[in-house]
Amino acid sequence: MIGKLEACLEWGGIRKDVILLILSGAALLCSIMGVQPAGVNLAWVAVILCGIPIILEAVIGLMTAFDIKADVLVSLALIASLITGEYFAAGEVAFIMQIGALLEEITVARARSGIEKLVSLTPQTARRLRDGAEESVPAEQVREGDLLRVLPGEMIPADGVITTGVTSVDQSVMTGESIPVDKNPGDEVRSGTINQYGAFEMKASCDGGDSSMQRMIRLVQSADADKAKIVSLADRWATWIVVTALTAAALTFLVTGEIIRSVTILVVFCPCALVLATPTAIMAAIGNLTGHGVLVRQGDALERMAQVKRIAFDKTGTLTCGKPQVTAVRSFLPGMEEETLYAYAAAAESCSEHPLGKAVQAGYMEKYGRELPEAEDFSMLPGMGIRAKVDGRTLTAGNLKFMEECGAWSADGLPCGTKTPERERELTDDCLRKGCTIIYVALDGKAAGFLALSDTLREDAPAMVEAIRALGITPVLLTGDRAEAAGYMAERAGIREVRAGCLPQDKMDAVSGSMEQGEPVCMVGDGVNDAPALKKAHVGIAMGGVGSDIAIEAADMALIRDDISAIPYTAALSRKMMRTIRLNIAFSMTLNFAAILLAITGALSPVWGALVHNAGSVVVILNSALLMKWRKKV
């Protein structure tokens, strides 16, 4: 409740700032048009609403910590402009600075909302068993050693070990695996994952407050706090600029005795062009990327992207499409075509609620689009497989253990009743090496063949990886999936560095390790399990289409159309943006120093000084605007 109240206050403050900026902008527009009710220049509205907070902040910073930032220089420019009667210039400076402050406030509010969404995913209640009776308790009250019951469709409330029952668990929230994992007594389960079907009982291995999901929330919070805030260039150089401006103004007064020359120096040293150098280029680059389906959520993300040396990818849903699909069908029975075996299996699986069964049925209809045979006497053994009658024949399909119990396969994976069992096993082993999940099929108790399911690599993944390498960036694969599946997909995508079996902590540690070695990392992911690494990374990019809300909120950017080819384009544009920013800064500083020399000699009056100051800002804006049309094939 306290967190929600704080969020409301934050957004309330942002709405107030927006209203003040609207009023200030309208007042400045009236000032340009010469509207002066009762002889008062309406630029004073912007000075009062936007300028006074800047001056107060500068004074407080100087008085409490002697902290010299851009606001000190802006305050000097404001006061100097007012002294010389340049009211519009004073209001303009204050207005620009407050826009930057508003963007920063919005960024902070968005970052906090991501953590709140992650908290909403935590299990709320648990079914605890005591003395044979079941009681519902808050998940945080679960203690190590408690016996818990989990029903189909429920979220597992704590980490633990299954004691009775078999099921299939959707672990994508923690590992990113697209295919549910079958679980039997003795297998570990984690909090936050979903029990697909089949009730089971489990023994908690830790307290509810120390579960996997709770630890991941703490990881996201700590990673968010650890990420250093990039200081704006204006703030970084503010001390030297202030000292230079004051020294030049003081020396000029001492030598010439003319206060007007000193005031002119402070006016032309107003850092508007310097302050605009970065945000205008960033806004133009953001507009460019929006047209390419990239949503930039953090204002300084592109500055950081230009520094990236390594890009780490999640596998499932990022490099791959994120959905299991039938990639191979093999028939072992003479005279039975693979399409017929596929149709029989799809007919039986049409009665199943298992995600793999639905994938089999959907795959057959997509490929052939023909009516399936009728399936009768359907039965399911959770965690094992299915049995049904199709066209008068008894079909069984499931994992190797189930086929062994049915007598169709041996424990070492050899199909029984076939003429060349070693050859058939080679086919299954080849699919297993590629990380596929195998559904073994038997007809009337004899090994009939198998269906291989796996995730599929995005078509543009290899070209994208090659484009990243061309930019001098190293691609890396970080996935919670099995080593076989990770290695196969990495090889096809052209990625040489692979880490498989990664939990959220492992991904974050891998990112931290690279950054500690001086190699800034960009993390690309789509799942809740990627959120800590997305937060910790120098830059986080989330898949906006298939990605979870938590991943998107944790990231600095999101790919709206899940077009991963936009990643190398973003990296190239960010480097172009930084070159534009440096050019803007060089121009603005050169113009300022030239104007100072003219002001010292008396060749530049305060009025012309204000014009030079505004002209410099216009040139910076126009140069930044060129980024809107920048294109590069990568």
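**Close-up views of a predicted model**

View 1. I48 is placed in helix 2, which covers residues 43-65. In this predicted model, I48 has a relative accessibility of 47% and is therefore classed as partly exposed. Together with V40, W44, I52, L56 and I60, the residue I48 makes a nonpolar surface patch of about 540 Å².

**View 2. V18 of helix 1 and its distance to Q98.** V18 belongs to helix 1, which comprises residues 2-32, and with a relative accessibility of 33% V18 counts as partly exposed. Although V18 and Q98 are 80 residues apart in sequence, their C-alpha atoms are 9.6 Å apart in space.

**View 3. The salt bridge between E519 and R310.** The closest N and O atoms of E519 and R310 are 3.4 Å apart, and the two residues form a salt bridge. This pair links distant parts of the chain, 209 residues apart, since E519 is in the loop between helix 18 (504-516) and strand 20 (521-525), whereas R310 is in strand 11 (residues 310-313). The two partners fall into separate accessibility classes: E519, at 29% relative accessibility, counts as partly exposed, while R310, at 12%, counts as buried.

**View 4. The salt bridge between D481 and K315.** Here the salt bridge joins D481 to K315, with 3.0 Å between the closest N and O atoms. Because D481 lies in the loop between strand 18 (474-478) and helix 17 (483-493) and K315 lies in helix 11 (residues 315-319), the pair ties together parts that are 166 residues apart in sequence. D481 has a relative accessible area of 9% and is buried, and K315, with a relative accessible area of 2%, is buried as well.

View 5. D430 and R433 form a salt bridge in which the closest N and O atoms are 3.7 Å apart. Both residues belong to helix 15 (residues 421-433), and because they are three residues apart, about one helical turn separates them. D430 is partly exposed at 30% relative accessibility, whereas R433, at 55%, is exposed. A search of the whole structure finds 19 salt bridges.

**View 6. A negative surface patch that includes E371.** The residues E371, E374, E376 and D377 form a negative surface patch. E371 is located in the loop between helix 13 (355-367) and strand 13 (375-381). With a relative accessible area of 76%, E371 lies above the 50% cut-off for exposed residues, and E371 is therefore described as exposed.

**View 7. The chain as the setting for the close-ups.** The secondary structure of the chain comprises 22 helices and 22 strands, and of its 634 residues, 50% count as buried. When contacts between residues at least 6 apart in sequence are considered, 67% of them join residues at least 24 apart. The accessible surface of the chain amounts to about 28,200 Å², and 58% of that surface belongs to carbon and sulfur atoms.

Technical notes
Residues are numbered from 1 along each chain as its sequence is written. This is a predicted model: local features need pLDDT of at least 70, side-chain atom pairs count only at pLDDT 80 or more; totals for chains, interfaces and linings use all residues. Side-chain values use heavy atoms; hydrogens and water are left out. Patches are made of residues with over 30% relative accessible area and no salt bridge: like charges are joined within 9 Å, nonpolar side chains (Val, Leu, Ile, Met, Phe, Trp, Tyr) within 5 Å. Accessible areas come from the Shrake-Rupley method with a 1.4 Å probe; for residues, only the protein chains shown count as cover. A salt bridge is a side-chain nitrogen of Lys or Arg within 4 Å of a carboxyl oxygen of Asp or Glu. Lys and Arg count as positive and Asp and Glu as negative; His and the chain ends are not counted. The place of a charge is taken as NZ of Lys, CZ of Arg, CG of Asp or CD of Glu. Helices (H or I, at least four residues) and strands (E, at least two) are DSSP runs, numbered from the N terminus. Buried means under 20% relative accessible area, exposed over 50%, partly exposed in between (1.4 Å probe, protein chains only). Contact means heavy atoms within 4.5 Å.
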